[in-house]
Amino acid sequence: MERCLNCMEIMGDGMETCPHCGYVKGTKPKEIYHLYPGTILAGRYVIGTVVGAGGFGVVYRAWDNTLEKMVAIKEYYPATLVSRVPGEKRVYIYAKKREKEYRVGMDRFLEEARNMARFSSHPHIVNTYNYFEENNTAYCVMEYMYGISFKAFIKQNGGIVPEAIVTQIILAVLDALKDIHKAGIIHRDVAPDNVMLIMGKNNTFDNVKLMDFGAARFSKGDTEANLT
């Protein structure tokens with residue numbers, strides 16, 4: 001039994017092209033520094049194709065052999081500080097003098113994962129299953145969400161979104177913020193591109209999830225620690 005490394009559906013034995021999504025087996029990633037599809041992490045996660053990438057990380061589709069489901073894995077990869085030999089897993093820091101900067105960034109990445117994991121049972125916060133260090137970097141394993149950001153939804157609707165939908169989204173985000181504020185955490189980056197709409201049938205959304213705790217900080221009383 002073999003799975004497509006793009007859509008994670010079962011492919012027939014010996015098939016080179018996925019009948020579900022058209023992915024061709026053995027296709028290399030678009031960027032040479034991305035992990036190659038089929039790479040194994042933590043002895044259980046099979047890396048698939050890239051969902052998205054930014055200056056500080058890469059998000060992959062992946063298959064969790066323990067939970068037997070598709071997940072999203074975010075890799076800490078600050079492109080200006082590190083490199084990777086194509087096809088290999090280990091990350092290498094460009095210059096020794098930048099190592100401290102790299103380690104501080106990785107600590108913040110893991111802090112974000114820990115913050116998100118504390119609220120994995122919340123209906124309006126993205127579920128974080130696991131986080132770990134490997135290959136001289138760090139990873140965060142999250143639920144794979146079928147949907148679009150609120151920012152993309154606004155654009156898709158020509159910049160005009162019905163009041164009822166906006167109200168539903170705002171109330172869901174406020175519900176999430178209420179609980180993280182009770183825990184003494186301030187998100188600091190609530191924006192349309194960090195609000196995910198979980199899409200259902202007929203292009204309607206079934207749920208709203210707040211994501212990206214990368215800028216979050218703990219609050220001490222009436223003041224915020226480490227305000228930058």
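Reply: Asn-194 sits in the loop that runs between strand 12 (185–186) and strand 13 (195–199). Helices (H or I, at least four residues) and strands (E, at least two) are DSSP runs, numbered from the N terminus. This is a predicted model, in which local features need pLDDT of at least 70 and side-chain atom pairs count only at pLDDT 80 or more, while totals for chains, interfaces and linings use all residues. Residues are numbered from 1 along each chain as its sequence is written, and side-chain values use heavy atoms, with hydrogens and water left out.

With a relative accessible area of 6%, Asn-194 is buried. Here buried means under 20% relative accessible area, exposed over 50%, and partly exposed in between (1.4 Å probe, protein chains only). A polar atom of the Asn-194 side chain lies 2.9 Å from the backbone oxygen of Asp-189. Contact means heavy atoms within 4.5 Å. Leaving aside neighbours within four places in sequence, Asn-194 is in contact with Asp-189, Lys-209, Leu-210, Met-211 and Asp-212.

Two of these contacts lead further. Take Lys-209 to begin with: its side chain meets that of Glu-143 in a salt bridge (2.8 Å, N to O). This pair links distant parts of the chain, with Lys-209 in strand 14 (residues 205–210) and Glu-143 in strand 10, 66 residues apart. A salt bridge is a side-chain nitrogen of Lys or Arg within 4 Å of a carboxyl oxygen of Asp or Glu. Both Lys-209 and Glu-143 are buried.

On a 1 Å grid over the protein atoms alone, a pocket is an open set of points where a 1.4 Å probe fits, with protein on both sides within 12 Å along at least five of seven lines; lining residues have an atom within 4 Å of a point. The largest pocket holds about 1200 Å³ of space, a volume being the space filled by probe spheres set on the points, which are joined across faces, edges and corners. Its lining divides into 19 nonpolar, nine polar and nine charged residues. Ala, Val, Leu, Ile, Met, Phe, Trp, Tyr, Cys and Pro count as nonpolar, Asp, Glu, Lys and Arg as charged, and the others, Gly among them, as polar. Helix 1 gives the most to this lining, with seven residues. Among the other elements that supply at least two are strand 4 (45–53), strand 5 (57–64) and strand 6 (69–76).

Lys-74 is in strand 6 and Glu-112 in helix 1, so the pair ties together parts that are 38 residues apart in sequence. Lys-74 is partly exposed, at 22% relative accessible area, whereas Glu-112, at 8%, counts as buried.

The whole structure has nine salt bridges. One of them joins Glu-99 to Lys-96, with the closest N and O atoms 2.9 Å apart. Glu-99 is partly exposed, at 23%, and Lys-96 is exposed, at 70%. Lys-96, Glu-99 and Arg-103 are linked in a network of salt bridges.

Conventions. A polar contact is a pair of N or O atoms within 3.5 Å; within protein, one must be able to donate a hydrogen and the other to accept it, and residues adjacent in sequence count only if both atoms are side-chain atoms.
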